[in-house]
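Reader: I have a structure open and a few things to ask about it. Can we go through it piece by piece?

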Amino acid sequence: MTMDKTILVVEDQDDLRLLIRLTLKQLGRVSAHADAREVIELVRTERPALLVLDVWLGAGLNGLDICRQLKAGAAGHVPKVLMLSACGQQSDVEAGMAAGADRYVVKPFSPESLVKAASYLLAA
Amino acid sequence: MPDTPPNDEAHRLQVLFNLDILDTPPEERFDRITRLASRLFNVPVALVSLVDADRQWFKSRHGLDVLQTHRSMSFCTHTIQQDEVMVVEDALRDVRFVDNPLVTGEPNIRFYAGSPLAAPDGSRVGTLCLIDRAPRAFSEEEAAALRDLAAIVANELAAVELNRALLIQRESEAGMHALIDYMPEGVLLLDAVGRILFVNPAAERIFQRSTADLLGQSAVTLLVNRDVRAMAPPGGLPNLQAIETLALRADGSQFPLEFTINRIMMGGERRVTAIVRDISKRRKLDDSNRATDERRRKYFATATHELRTPMASVLGFSELLLKRDFDPATGRELVEIIHRQASRLVALINQLLDLARIEAGGKESLDIRPLAASALIEQTLAGLVGLGDTARIQVTLANTLPPMLGDADKLQQALTNIVSNSIKYSAPGSPILLDVAPARRAGGPALAIRVRDQGIGMTPEQVAQVFDAFYRADNASTAPGSGLGMTIFKEIIELHGGTVELSSTPGSGTTITMVLPAGVST
């Protein structure tokens, strides 16, 4: 297990941000942020191996758009993207995968399965 | 043999019956023939005799007072057995009639000549006959003349049927016209190249053009897209298949039209009937149903999202606690989070149910009674004490207020939702003004309740969405609430027949005014 990898988490719910941080800290350095407006800049500076991203980010931001931009190279570094969202309909999942997400995990989620999904992406 | 009815007697009787002439009053068109026959053949009696099942009945009788006689004594019964004229020159010398009561008694028939009357199908329904009280001879020429006269009578009989058929046709045509005139669908009759030959009133209404304006026009000029073939599959427009397109009214306005065409032959000419319907209303209904469906779908998606978010904390943290070891302080902190999020989940479910109940129950679910505004406000503020700092709420009541008409619990819930928002979104200690004044609404007495804060306020974009379900102006986890408070508030006020007005300026505060119907001041 490589402890040097950075996992960038963008989650505006305080409790969930804490939950994700506690869940994933065994996999690397977790950098968790509430404000989605800086995501692309954060990816540019922190160069995370994995980005955990919500779909509904508030402030008119959409995680799908951000995912698409990142996968198109908007930050000069392309992380693996794990969409973590409470939008759980089949069409939501398909939209996430179509936007370039590597995994789509629906809230509520089991921390254990989130660890599995994240470590799979980090190992790839 | 002549006394037994012929094999096709039943059919013959049916034909006679269908003529619908038995027992009808005398008619000049028959009487003039018997009159003529009497004079022409120089006989005292001439009859149009119809042979019914057990009688002969005289449609026309010249020189005879009797209306009918029993068939058993009828000469005509014999006549209708044959195509030819039947002549009895002297009944007393004819074994068939020598005992006949009409011969031995009144009218003392000695001479008889009858020519059968054929209905259009050939059935011999009666005779034109001549009677004399003295025996006489009847020449071939006379027989031929009687046959000719009988043929004229037969024509008149046929005319009965023809006239009736015409009348029925005329009536059914009148019925068809009335039907077409009052049909809600527009009906157009077109010639083979699509020119309008006929329109009904509904078509005039649909296109807002007069018949005069429409006749002779090419029907495709009524459509926005005149290329009718383009609407159809190869092979042309199918008969009787509804096609939707845009059509034009006289003023140039467009409307959705559904039409069905049918190609027919009419009087040897190729014609096209077109049935047209203005489907604007149906379209509007479809659109509104679609919008409602879309709103429901979005509401459902959002509600699910909002429920899953606190569930994620409850499920996630409880799994961590079960599977990992934490120091007691951290463990306790996580349990607190679970408890907080579970409470939030319950509150959200309650609010969802509240909203569903209010929307489903409608006005009937309200328990409307006269209420004093002062009592409502007092109870609302008492319920808000838990939020702290209620002392900064300054209440001003006008001196004389009409009683409110409303559901006390629901109005308290509505007021609680907006006052608690004012508390949440304004600095501690800043004043919140709550005043109540008489007002007018829809011409009746009303009451205006206004809540003003000096809080963070909202941008016009936020104001536009503030009553949407699950909308949260800050969208941050820090502000408690489900995003349903304002939706429920507005729903309750509108269910009471009231109105809501909201004005807000970022940085300087929000004012919400609700106007509710009131009773008359006492």
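Reader: Is the crossing of helix 9 of chain B and helix 10 of chain B left-handed or right-handed?

Author: The crossing of those two helices is left-handed. Bear in mind that this is a predicted model.

Reader: At roughly what angle do the axes of helix 9 and helix 10 of chain B cross?

Author: The axes of helix 9 (residues 280-323) and helix 10 (residues 328-361) of chain B cross at roughly 155° and come within 9 Å. An angle over 145 degrees counts as roughly antiparallel, so helix 9 and helix 10 of chain B are roughly antiparallel to each other.

Reader: Which residues make the contact?

Author: From helix 9 of chain B, they include B:L307, B:M311, B:V314 and B:F317. From helix 10 of chain B, they include B:L334, B:I338, B:L345 and B:L348. By class, the contact of helix 9 with helix 10 of chain B has 15 nonpolar, 4 polar and 2 charged residues.

Reader: New topic. What is the order of the strands in the open sheet of chain B?

Author: The order is 13-15-16-18-17, which makes 5 strands with mixed pairing. Strand 13 (393-397) and strand 17 (499-505) of chain B stand at the edges with a single partner strand each, so one side of each has no neighbour in the sheet. From one strand to the next, the twist averages 20°.

Reader: How many bridges join strand 15 to strand 16 of chain B?

Author: There are 10 bridges between strand 15 (residues 432-441) and strand 16 (residues 444-453) of chain B, and the two strands run antiparallel. To take one pair, B:A437 has B:A448 in strand 16 of chain B as its bridge partner.

Reader: Which strands does helix 11 of chain B touch?

Author: Helix 11 (residues 373-383) of chain B packs on the sheet and touches strand 13, strand 15 and strand 16 of chain B. Its direction makes about 170° with that of strand 13 of chain B. Helix 12 (residues 408-424) of chain B also packs on the sheet, touching strand 13, strand 15, strand 16 and strand 18 (509-517) of chain B. The direction of helix 12 makes about 20° with that of strand 16 of chain B.

Reader: And the two chains: how many residues does the contact take from chain A and from chain B?

Author: It takes 21 residues from chain A and 19 residues from chain B. Helix 1 of chain A gives the most to the side of chain A that touches chain B, with 6 residues. By class, that side of chain A has 10 nonpolar, 6 polar and 5 charged residues.

Notes:
Residues are numbered from 1 along each chain as its sequence is written. Chains are lettered from A and ligands numbered from 1 in the order in which they are written. This is a predicted model: local features need pLDDT of at least 70, side-chain atom pairs count only at pLDDT 80 or more; totals for chains, interfaces and linings use all residues. Two residues are in contact if their C-beta atoms, placed from the backbone, lie within 7 Å. Helices (H or I, at least four residues) and strands (E, at least two) are DSSP runs, numbered from the N terminus. Ala, Val, Leu, Ile, Met, Phe, Trp, Tyr, Cys and Pro count as nonpolar, Asp, Glu, Lys and Arg as charged, and the others, Gly among them, as polar. Axes are lines fitted to C-alpha atoms, for helices over the stretch in contact, and angles run from 0 to 180 degrees between N-to-C directions. Angles under 35 degrees count as roughly parallel, over 145 as roughly antiparallel, 65 to 115 as roughly perpendicular and the rest as oblique. A crossing is left-handed if the near helix is turned anticlockwise from the far one by less than a right angle, and right-handed if clockwise. Two strands pair if DSSP finds at least two bridges between them.
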